[in-house]
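Hi,

Here's the structure I promised to pass on.

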Amino acid sequence: MSAMISISGLHKSYKNKQVLKDVNLTLGAGQILGLVGPNGAGKTTCLQALLGLTTYDGDIDVLGYNPSKNREKMLADVAYIADVAVLPKWIKVDQALTYMQGVHPNFNRQKAEAFLSKTNIPATAKVKTLSKGMVTQLHLALILAVDAKILILDEPTLGLDILTRRQFYAHLLEDFYDADKCIIVTTHQIEEIEHILTDAAFIRDGKIVLDQSVDDIRSRFKLVAVDNEHLEQAKAHNPLFTNSMMGITSMLFDNADPAILATLGKVSTPTLADIFVGMMTKETIQ
Ligand SMILES: Nc1ncnc2c1ncn2[C@@H]1O[C@H](COP(=O)(O)OP(=O)(O)OP(=O)(O)O)[C@@H](O)[C@H]1O
């Protein structure tokens, strides 16, 4: 797999505050990476560096371009969407298409119109008269009509209801994604994007604390509903996270011996959200 995006030794500080600390990430065709972290972890700053929107120290290569030096050329093949609330309320649907045509060299207006013709969105409607779901569809039409190799989504579904959030990701897979493209999506709500990700990177206080394929993550971490008589024994195996609820104690283990875990209780594969909570609550990070 040759890299479409390569970030190495990325550091960023605002005044005296270091907000990105030695970030290293690589992404190739067919990968959908979830960059997940709590508020203020550095997700947006990382994407801004990637897009050449902020200064940084370190090396970033996007499709052979250095974003801080060749931003314009790079953006011909990169589509970037911040949260969908950024569409101005006063703009009409057809004006939004004209705007995109003006700013994006690879925007295909016919493709956007064909997508919109399958919705109930009138071309002359102003954004402020559309429901949130319709705004999402309009946003999708704008994204999908950009013939980009890389799609960068920063909290794309912030403020949308659960149905429209799900619809957004379903369309993304059906209408944008293919094996020649890659996508980075940031979110706090990992449970909603877990099913579309091939890879996940967890970021905490500007540091990447986990970066692996979802398959590898699922085989590395295990959740055990520990039998009461084995609690002390289980603790001795250093669980990453322990949660007791309604008389059941669940422990999350990282890279533990499956044969030992099986003696402690019922073993299952945790969701990425479970692992995220475990990694974020851990006091010290190796
Ligand atoms: N322009 C700026 N000037 C000073 N500090 C900034 C600036 N932009 C971001 N920061 C700081 O950098 C850190 C990372 O911010 P960033 O927006 O990248 O986090 P995030 O993970 O995207 O957070 P959220 O999920 O809340 O959007 C925060 O501590 C933030 O206060």
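Leu 10 sits opposite Val 23 in E2. Those two strands, E1 (residues 3–14) and E2 (residues 17–28), pair in the antiparallel sense over 8 bridges; strands here are DSSP runs of E with at least two residues, helices are runs of H or I with at least four, and both are numbered from the N terminus. Pairing means DSSP finds at least two bridges between two strands. E1 and E2 make a hairpin with 2 residues between them, and Lys 15 in the turn has a positive phi of about 50°. E1 also runs antiparallel to strand E4 (residues 57–62), joined by 5 bridges, with Ser 8 opposite Asp 59 in E4.

Before you go further: this is a predicted model, where local features need pLDDT of at least 70, side-chain atom pairs count only at pLDDT 80 or more, and totals for chains, interfaces and linings use all residues. Residues are numbered from 1 along each chain as its sequence is written.

Then there's an open sheet of 6 strands, mixed in pairing, in the order E5-E6-E7-E3-E8-E9. Its edge strands are E5 (78–81) and E9 (207–213), each pairing on one side only. E8 (residues 199–204) and E9 are antiparallel over 6 bridges, and Arg 204 stands opposite Lys 207 in E9.

On to the ligand: the residues around it include Tyr 14, Lys 43 and His 188, where near means a C-beta atom, placed from the backbone, within 6 Å. Helix H1 (residues 43–50) gives the most to that shell, with 3 residues.

Cheers
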